[in-house]
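Visitor: Could you walk me through the pockets, cavities and helix packing of this one?

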Amino acid sequence: MWIRDVRPWGAEPCDVQVEGETIAEVVPAGGAAQGGGTQHDVEGRGRLLLPAFADVHVHLDSTRLGLPFRPHTGGPGVWTMMLNDRRHWREAEVGIVERVAHTLGLMVARGTTRVRSFAQVDVDAGLERLEAVLAARETHRDRAEVQVIAFPQAGLLREEGSAQVLEDALRAGADVVGGIDPCTLDRDPVRHLDIVFGLAERYGVPVDVHLHEPGELGRFSADLILERTVALGMQGHVLISHGYGLWDGTESQTRALVERFAEADVATATVAPGGRQTLPLELLAEHGVRVGLGEDGQRDYWSPYGNADMLDRTWQLAFTHGFRRDDLVEHCLAVASRGGASIMDGDLPRLSGVGDRPGLAVGDRADLLLLEGETPTAAVMDRSADRTVLHRGHVVADGLELR
């Protein structure tokens, strides 16, 4: 199959040949004509060619996309918000299996073909929310690659039986073991991390820890996670999500922490929140730290934000960091695509700086997005609906509609 007349990362027009799941050849536009065409060829029409998005921090199990809008009823703090979600998530107008599958389909149609989703497992929900995400993965198995995180949103020590439910989730098919705020939520970081990393060792799975803790306390928790990562030989298999308080220290503190992330190959993921909670993206890229982007919750019981469109979230990442230069806005696209992909697949190389534009070379897997735009930066600003999405070399969506 040929993809004709596209501009990889905004470069000169090319024709791209896809064989099976991979990019086999890239030639100047018009070069494909010698080999003839087939009914399966894709007309690029001069659009940009980019790697497809990878959302590596999304809570599919709490989505309300497609349902009537409801007022926000949550209160301050993680525990209070969790209790609010617990009170209401079963009241949705349609069942959880249907709404998770619907939202995942929306994400694919808008250009996301790699997804790492949390599924809350606790003494209230048991494995019900996990099973809904696993079912959605099966529904869209030919359109997206989905990793599922068993996520103890309520902590592991506050409610009896929480640790057992987390282990049950791994036995039931979860791909990643989650943790959350070992100091502020469970108030016992050693026991909390003993459980999380113990399960990771036992089941041979990666770790993803939500870290909302502020300032020095957040850096203390991160230090414990980094130490365990190295001690257990889990480099490349640990991610710290959010990390709001990690980067508000002194310049020397920030640089030292970035260097430790790089040495331990611990990744981080952001949802591009507002306020002052930004990442040192240029420094992280300079040191080759794996950084991914995600939509978090999507119009759920935690927040009214989120619309299944990672292109919108890429704009938000650039905006909240105050980026204006094209290379920095394009770096946000790289984070949203291959940055996240390298978290899900540790064999993919880390981004090597803000100018690195990977994912479209011969031999790369053909997870691709054709997108209208004069330049990649213009595409982020305009966010056109003229998109064609390929997963493993097959067109899975066009014009925001699934195939």
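What follows is a chat about pockets, then cavities, then helix pairs.

Guide: Before we start, this is a predicted model, where local features need pLDDT of at least 70 and side-chain atom pairs count only at pLDDT 80 or more, while totals for chains, interfaces and linings use all residues. Residues are numbered from 1 along each chain as its sequence is written, and side-chain values use heavy atoms, with hydrogens and water left out.

Visitor: What volume does the largest pocket have?
Guide: On a 1 Å grid over the protein atoms alone, a pocket is an open set of points with protein on both sides within 12 Å along at least five of seven lines, and a cavity is a set where a 1.4 Å probe fits but cannot get out; lining residues have an atom within 4 Å of a point. Points are joined across faces, edges and corners, and the volume is the space filled by probe spheres set on them. For the largest pocket, that gives about 630 Å³.

Visitor: Which residues lie nearest the centre of the largest pocket?
Guide: The lining of the largest pocket takes in 28 residues. The elements giving two or more residues to this lining are α1 (78-88), β6 (112-120) and α9 (310-320), with helices (H or I, at least four residues) and strands (E, at least two) taken as DSSP runs numbered from the N terminus. Nearest the centre are Tyr-244, Val-271, Asp-296, Trp-302 and Ser-303.

Visitor: How many charged residues are in the lining of the largest pocket?
Guide: Ala, Val, Leu, Ile, Met, Phe, Trp, Tyr, Cys and Pro count as nonpolar, Asp, Glu, Lys and Arg as charged, and the others, Gly among them, as polar. The lining of the largest pocket then has 10 nonpolar and 12 polar residues, and the charged ones number six.

Visitor: Which residues are closest to the centre of the second largest pocket?
Guide: The second largest pocket holds about 260 Å³ of space. Its lining has five nonpolar, six polar and three charged residues. Of these 14 residues, the closest to the centre are Tyr-244, Trp-247, Asp-248, Arg-276 and Gln-277.

Visitor: What is the volume of the largest cavity?
Guide: There are four cavities of 30 Å³ or more. The lining of the largest cavity includes Arg-64, Phe-69, His-72, Arg-299 and Tyr-301, and by class it has six nonpolar, two polar and four charged residues. The volume of the largest cavity is about 80 Å³.

Visitor: On to helix pairs: is α2 parallel or oblique to α3?
Guide: The axes, lines fitted to C-alpha atoms over the stretch in contact, have angles from 0 to 180 degrees between N-to-C directions. Those of α2 (residues 96-109) and α3 (residues 128-139) come within 8 Å and cross at roughly 45°. Angles under 35 degrees count as roughly parallel, over 145 as roughly antiparallel, 65 to 115 as roughly perpendicular and the rest as oblique. That's why α2 and α3 are oblique.

Visitor: Is the crossing of α6 and α7 left-handed or right-handed?
Guide: Helix α6 (residues 215-231) and helix α7 (residues 251-264) pack at about 25° with axes 10 Å apart, so they are roughly parallel. A crossing is left-handed if the near helix is turned anticlockwise from the far one by less than a right angle, and right-handed if clockwise. For α6 passing α7, the crossing is left-handed.

Visitor: Which residues of α5 make the contact with α4?
Guide: Helix α4 (residues 162-171) and helix α5 (residues 189-203) have axes 11 Å apart at an angle of about 25°, which means α4 is roughly parallel to α5. Contact means heavy atoms within 4.5 Å. From α4 come Ala-163, Leu-166, Glu-167, Leu-170 and Arg-171, and from α5 come Ile-195, Leu-199, Arg-202 and Tyr-203.
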